[in-house]
Amino acid sequence: MQRYRRRRQRGQMVPIVAVAGVVLLGVSALVVDLSVNTQSRRGLQNISDAAALAGARNLPNTPRQAIKDALDILQRNSPWSSSGSWLATAQAAITGACTSAAGSTCSVSVAGPAGYTSYAVKASSPPSTPQNSGFTSTSYLEVEVVQTSRNGFGGAVGLGTSNETGHSIAYYAGPTGPYQYTFFAKVHAGSGNHAEVIVGDAFVGGGYVPQSSGKAGLCILDVPGGGQGHVVFGSVPPLVGPDPQYGNGGACAGGGTLSAQAATPQASAPTNCPAGSSPQSYNGGGTWACSQPSPALPAIPAPTATQSALCGANGSATVSASTTAGVYPVGAGCTVTIDFASGNIDCVSLVLAAGSTVSINNKKGTNYMSAYGFNPTGDTVASNALTTAGLPVPTAACGGASINADRSAIWAPDTSATPMPTVISNGLTGCCSDSVFLGTIFVPGQGVSFGTNQAMEVVGSVYCGQWDVQSGNHLNPMVTYDAGAAAYVVSGMRLAE
C-alpha cells in the first residue's frame with residue numbers, strides 16, 4: 001500500500017492576512033472619511049437651514065434682501081468666515097429681476113474661498129432646484145452649500161475627494177405686505193340700489209347677488225400705488241351672469257368697470273389674476289373669470305383685552321361716544337348695541353364670543369368707530385375717507401404702547417354655518433345712515449347684514465362669511481384697504497426642505 005505524504009502548508013496565512021489587511025485598511029479609511037463627511041454634512045445642513053430661515057423673513061416682497069441676509073448668515077457661521085471679502089463678492093453677484101413679480105428669479109451662485117476644502121454656494125427665490133415642485137413661488141428661499149474636500153484615507157482606494165451638501169428651502173408668509181384680499185366673503189356678497197365699491201383685491205366665494213330690481217354693481221378699484229384691484233370668485237361660473245359691472249347694469253362711480261386691471265368676467269383670459277388664482281372659462285369658453293376655489297383666510301388673532309368684559313353670557317351692553325378706549329371682550333350670546341346718537345366712537349374694539357351679535361341703532365347721518373390700535377398720524381387713506389364722508393379726522397393716536405397692535409374694530413371666531421349667522425346688523429329702514437369702521441372687521445364665519453338705505457363702510461379690511469349690505473341714495477357700501485388701519489396677519493415661517 002502506497003503512502004502519500006501530506007504537503008507542507010506552512011506560510012499560506014501570510015497572503016491571506018496581507019489581502020485581509022488591505023481590505024481592512026480600506027474599510028477603516030472609508031469609515032473614517034465617512035464619519036468626517038457625515039459630520040461635515042450635518043454642519044452644512046445646520047448652516048444652510050439657518051441661512052434660509054434668516055433670509056426668508058424678507059419674503060415675498062424683497063427677495064434680493066432675503067438672499068443678502070442668507071449670505072450674511074453663511075459668512076458668519078461657515079468655515080470661511082475669516083475671509084471678509086467673500087461676502088461682498090457674493091452679494092455683488094446676485095442676479096435676476098429680484099422682485100416679487102411672478103416669473104422673476106433672484107439668485108446668486110458663487111464659489112467660496114479656495115483652499116484644502118472648496119465651497120460652492122447658491123441661493124435663489126423662487127427656488128431653482130426644489131425637490132418639491134410646489135415650492136416655486138417667491139414665498140420660498142433656497143440655500144445650498146456644497147463642500148468639496150480631499151479625503152484623508154479614501155485616496156488610497158481611489159476616493160480622493162467627496163462632495164457634501166447642505167440643502168434648505170425656507171417658507172415665509174406674514175405681514176411683510178398686506179394680506180392679498182381687502183375684502184373676503186366666503187359665500188357671496190350682495191347689495192341694494194348702489195354698487196359695492198371695493199378698493200383692492202376682493203374674493204367672493206360664490207358670486208355677487210345684487211338686489212333684483214336695483215341698479216347695483218360690483219366695482220373693484222385699484223389701491224393707489226398698490227397694484228391691486230381684482231375680483232376672484234370661488235366657483236365658476238359665479239352665481240349671476242356677466243355684464244360690464246357684474247350686477248344689474250349699474251355703473252361704477254367715475255366710469256370704472258368691475259376691475260380696473262382685469263375686468264371679470266371678460267371675453268378673454270385675464271393675464272393678471274391675483275397670486276393663487278387662475279383664469280377659468282365658462283359659457284363654452286366665451287366668458288372668463290379669475291377663480292381660486294379655496295384661498296386661505298389670514299390668521300388674525302383676537303386682540304388682547306385691555307378692559308373688563310363688556311357684558312356676560314346672554315346679556316346686553318351699549319357702546320357709545322362716552323365708552324372708554326380699549327379692547328372689550330363680549331360674552332357668548334351677548335347683544336351689543338353701537339349707539340352713535342351722541343357722536344363718533346374713538347379707539348374701541350370688540351372681541352365677540354360665539355353667538356354674540358352687534359347691532360347699530362336708528363341713527364341718521366354718518367358716524368365712525370375707530371379700532372383701539374388705530375393711529376391717525378400720517379394715515380392719509382383714513383383721513384381722506386373721513387373727509388369725503390364729512391366726518392372729523394381723529395387728531396390723536398389711541399393705544400399708547402400698543403399702537404401697532406389690536407387693529408380689529410370687531411373680531412369674532414369662525415362659527416361657519418349654512419346659512420351664515422348674522423353677527424353685525426342694521427336692519428332698520430328709512431333714509432339714511434352710513435356707519436364707518438376704521439380697522440379690520442374679522443368675522444370669517446358670520447354674516448354682515450344691513451337693511452335698505454343703511455350703508456356700511458370699512459377703512460382697513462373685511463373678512464366675513466357673507467356680506468349683504470343694502471344702500472340707498474347716499475354713499476355706496478365701500479371697503480378700502482388701509483395699511484394703517486388693517487389688523488396684522490400672523491406670520492408663519494418654516495423649513496419646507
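Glu196 counts as buried because its relative accessibility is 2% (buried is under 20% relative accessible area, exposed over 50%, partly exposed in between, with a 1.4 Å probe and protein chains only). This is a predicted model: local features need pLDDT of at least 70, side-chain atom pairs count only at pLDDT 80 or more, and totals for chains, interfaces and linings use all residues. Residues are numbered from 1 along each chain as its sequence is written, and side-chain values use heavy atoms, without hydrogens or water.

**Glu196**

- Glu196 sits in strand β8, residues 196–199 (strands, E, at least two residues, and helices, H or I, at least four, are DSSP runs numbered from the N terminus).
- Its side chain makes a polar contact with the side chain of Trp467, at 3.2 Å (a pair of N or O atoms within 3.5 Å; within protein, one must be able to donate a hydrogen and the other to accept it, and residues adjacent in sequence count only if both atoms are side-chain atoms).
- Leaving out residues up to four places away in sequence, Glu196 touches Tyr208, Leu218, Cys219, Trp467 and Pro477, among others (contact means heavy atoms within 4.5 Å).

**Nonpolar cores**

- The largest nonpolar core holds 48 residues (a core is a set of buried Ala, Val, Leu, Ile, Met, Phe, Trp, Tyr and Cys residues joined through side-chain atoms within 4.5 Å).
- Phe183, Leu350, Ile441 and Trp467 have the most contacts inside this core.
- Strand β24, residues 454–469, gives the largest share of this core, six residues.
- Beyond its neighbours within four places in sequence, Ile441 contacts residues including Ala409, Ile424, Met456, Val458 and Tyr463.
- Another core, of 27 residues, lies apart from the largest one; Ala90, Cys98, Val108 and Val110 are among its members.

**Cysteines**

- The structure holds one disulfide (a pair of cysteine sulfur atoms within 2.5 Å).
- Cys311 and Cys334 form it, with their sulfur atoms 1.5 Å apart.
- The torsion about their S-S bond is about -110 degrees, so the disulfide is left-handed.
- The pair links distant parts of the chain, 23 residues apart: Cys311 is in the loop between β14 (287–291) and β15 (316–319), Cys334 in the loop between β16 (326–330) and β17 (335–338).
- Both Cys311 and Cys334 are buried.
- Cys398 counts as buried at 4% relative accessibility, and Cys464 at 1%.

**Second largest pocket**

- Its lining has 17 residues, with Val381, Asn384, Ala385, Met478 and Thr480 nearest the centre (on a 1 Å grid over the protein atoms alone, where a 1.4 Å probe fits, a pocket is an open set with protein on both sides within 12 Å along at least five of seven lines; lining residues have an atom within 4 Å of a point).
- Helix α4 (380–388), β24 and β25 (478–481) each give two or more lining residues.
- The largest share, five residues, comes from α4.
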